[in-house]
Amino acid sequence: MKIWVDADACPVVIKEILYRAADRTEVELTLVANQALNTPMSANINTLQVPRGFDVADDEIVKRLSEGDLVITGDIPLAAEVVAKGGHALSPRGEMHTKENIGARLNMRDFLDTMRSSGVEMSGGPAAFSQRDKQTFANELDRFLAKNAKTGSEKG
């Protein structure tokens, strides 16, 4: 199992949690972005820089994803592709996307997109990223890794 990060829009505090988790569990972590990233020196942490362009990073993640891998993304269409391919998708706010809930989330996203493009004024946007979001993400990541990660001598 590997962890892939849709890194362009991923909050720094989430990346820091992921760095610590990768080193603690020895799970390979790859951050995919269209710009150079500074990451800690670690055998478990990699970056993959892709060209700029619409969904280029998303497409690269889906192409390289293996069944059972975890993808960190706030992008609902990417999460849907990940789940369809047998992967797991976790948002930076700690929401695990599953076969059971991804369809409804994708439909809601598309509905809101249609409303905005038809001129309906939508006030606000997502709430500011909070300490609670950070904690929810860390807890969900820990639960996932405890259930799915192979550590140390178990790695093959």
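In what order do the elements of the protein chain run from the N terminus on? In this predicted model, for which local features need pLDDT of at least 70, side-chain atom pairs count only at pLDDT 80 or more, and totals for chains, interfaces and linings use all residues, the order is β-α-β-β-α-β-α-β-β-α-α. Residues are numbered from 1 along each chain as its sequence is written, and side-chain values use heavy atoms, with hydrogens and water left out. The protein chain holds five helices and six strands; these are DSSP runs numbered from the N terminus, with helices being H or I of at least four residues and strands being E of at least two.

Overall dimensions come next. For 156 residues, a compact globule would have a radius of gyration near 15 Å, and the 16 Å found for the protein chain agrees with this. The radius is taken over C-alpha atoms, and the globule rule is 2.2 Å times the number of residues to the power 0.38. Along the principal axes, the C-alpha atoms fill a box of roughly 55 × 35 × 30 Å.

Burial and surface can be read together. Of the 156 residues, 38% count as buried, where buried means under 20% relative accessible area, exposed over 50%, and partly exposed in between (1.4 Å probe, protein chains only). The protein chain exposes about 9,100 Å², and carbon and sulfur atoms supply 50% of that area; accessible areas come from the Shrake-Rupley method with a 1.4 Å probe, and for residues only the protein chains shown count as cover. Among contacts (heavy atoms within 4.5 Å) between residues at least 6 apart in sequence, 51% join residues at least 24 apart.

Leaving aside residues up to four places away in sequence, Val-56 touches Val-50 and Pro-51. The C-alpha atoms of Val-56 and Asn-34 are separated by 8.0 Å, although the two residues stand 22 residues apart along the chain.

Charges are the next topic. The protein chain carries 19 positive and 23 negative side chains, and the centres of the two sets lie 3 Å apart. Lys and Arg count as positive and Asp and Glu as negative, while His and the chain ends are not counted; the place of a charge is NZ of Lys, CZ of Arg, CG of Asp or CD of Glu. Side chains of opposite charge can pair when their charged atoms come close. A search of the whole structure finds six salt bridges, each a side-chain nitrogen of Lys or Arg within 4 Å of a carboxyl oxygen of Asp or Glu.

One of them pairs Asp-142 with Arg-24, the closest N and O atoms being 2.9 Å apart. Asp-142 lies in helix α5 (residues 131–148) and Arg-24 in helix α1 (residues 12–25), so this pair ties together parts that are 118 residues apart in sequence. Asp-142 is partly exposed at 38% relative accessible area, whereas Arg-24 is exposed at 51%.

Also in helix α5, Glu-140 and Arg-143 are three residues apart, or about one helical turn. Their salt bridge has its closest N and O atoms 2.9 Å apart, and Glu-140 counts as buried at 19% relative accessibility. Elsewhere, salt bridges that share partners join Glu-60, Lys-63 and Arg-64 into one network. Within helix α2, Lys-63 and Glu-60 are three residues apart, about one turn of the helix, and the closest N and O atoms of their salt bridge are 3.6 Å apart. Lys-63 is exposed, with a relative accessible area of 60%, whereas Glu-60 is buried, with 15%.
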